[in-house]
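Try each task before you read its solution.

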Amino acid sequence: MSELVLTRRDLLKATAGAAVAALTPEVLAQERPKRAKVVLVRHKDVLDTQGKIHENVLMEMLDAAVTELVGVKNPIEAWKRLVKPSDLVGVKSNVWNPLPTPKEVEQAIRKRLMDAGVREDNIRIDDRGARSTLAPCTALINVRPVRTHWWSGIGGCIKNYTMFTENPASYHPDACSSLAKVWELPAVKGKTRLNILLALTPLFHGRGPHHWDPRYVWQYKGLFVSYDPVAVDAYAVGITPWYGQNFKGRQVKHLWNAHQRGLGKIDPETMRILKEKA
């Protein structure tokens, strides 16, 4: 692994002056918060030429990311610090048909949870039924692929929790600016132990909320992990300059509002990408 340090200038350059760049002046005027920690791991062999996931490489990436985030060398010990054997653990996945959370990722998470002592029957994986199936859980693992979204700008970890609400569409007005409120619901608040934002094959351009075109997907072969859903989403905005080109003038309002509500940090100087394996 080679060390990679992200600076504010790097992130603003990567976003081509869009989205996050438009939000930083107000943030920079505030008192410096404690740094959020975001880990990015990439591996050139995680996908074959047809896009099939190599499960052993995926597990290696997940282990590298989680141990780096938690600050221990052993992946099972890292997961033991995230969950307790007594927890009822909900894995909030995403089933959007063109780019769902891969089953291989869900199974890798399930294995590590069981390695950490959580019984298999105390692990629930769901998306659309989260409001009923995952609401009783005592711990949540938030995992989904990253993609551009015509209303919110980015479909990331923050937006992944809309299925905990009775009416997800009610969060769509004003560029989905109120998404952070979902994280204050009793079914969610204080339960998230880990955010995993998949960037194996990100979608970087789309017209309309459900637009899909394979020409706008590329093999980035990465994944992000963080305790902070705002920081991880904010960094993912900048992994491709196409975002800025295709969403000119569209602010990622929900990230700024989430920062204001105390959900996480958006100022690039509060984020560190610690390790990258490629």
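**Exercise 1: a pocket and its lining**

The residues lining the second largest pocket comprise 9 nonpolar, 3 polar and 2 charged ones. Keep in mind that this model is predicted.

Task: find how many residues line the second largest pocket, and which of them lie nearest its centre.

Solution. Start with the count: 14 residues form the lining. Next, look towards the centre, where Gly51, Ile53, Pro102, Leu200 and Thr201 lie nearest.

**Exercise 2: a helix and its surroundings**

Solution. First, locate α3 at residues 55–70; its 16 residues reach 22 Å from first C-alpha to last, close to the expected 22 Å. Second, check burial, which means under 20% relative accessible area. Among the buried residues of α3 are Val57, Leu62, Val66 and Val70. The elements covering them include β2, α4, α5, β7 and β8. Just past the helix, glycine 71 has a positive phi of about 95°.

**Exercise 3: a serine in a loop**

Task: is serine 170 buried, partly exposed or exposed?

Solution. Find serine 170 in the loop between β6 and α7. Its relative accessibility is 40%, so serine 170 counts as partly exposed. Now follow the side chain of serine 170: it reaches the backbone oxygen of asparagine 167 at 2.6 Å.

Key
Residues are numbered from 1 along each chain as its sequence is written. This is a predicted model: local features need pLDDT of at least 70, side-chain atom pairs count only at pLDDT 80 or more; totals for chains, interfaces and linings use all residues. Side-chain values use heavy atoms; hydrogens and water are left out. Helices (H or I, at least four residues) and strands (E, at least two) are DSSP runs, numbered from the N terminus. The expected span of a helix is 1.5 Å times one less than its number of residues. Buried means under 20% relative accessible area, exposed over 50%, partly exposed in between (1.4 Å probe, protein chains only). Contact means heavy atoms within 4.5 Å. On a 1 Å grid over the protein atoms alone, a cavity is a set of points where a 1.4 Å probe fits but cannot get out, and a pocket is an open set with protein on both sides within 12 Å along at least five of seven lines; lining residues have an atom within 4 Å of a point. Ala, Val, Leu, Ile, Met, Phe, Trp, Tyr, Cys and Pro count as nonpolar, Asp, Glu, Lys and Arg as charged, and the others, Gly among them, as polar. A polar contact is a pair of N or O atoms within 3.5 Å; within protein, one must be able to donate a hydrogen and the other to accept it, and residues adjacent in sequence count only if both atoms are side-chain atoms.
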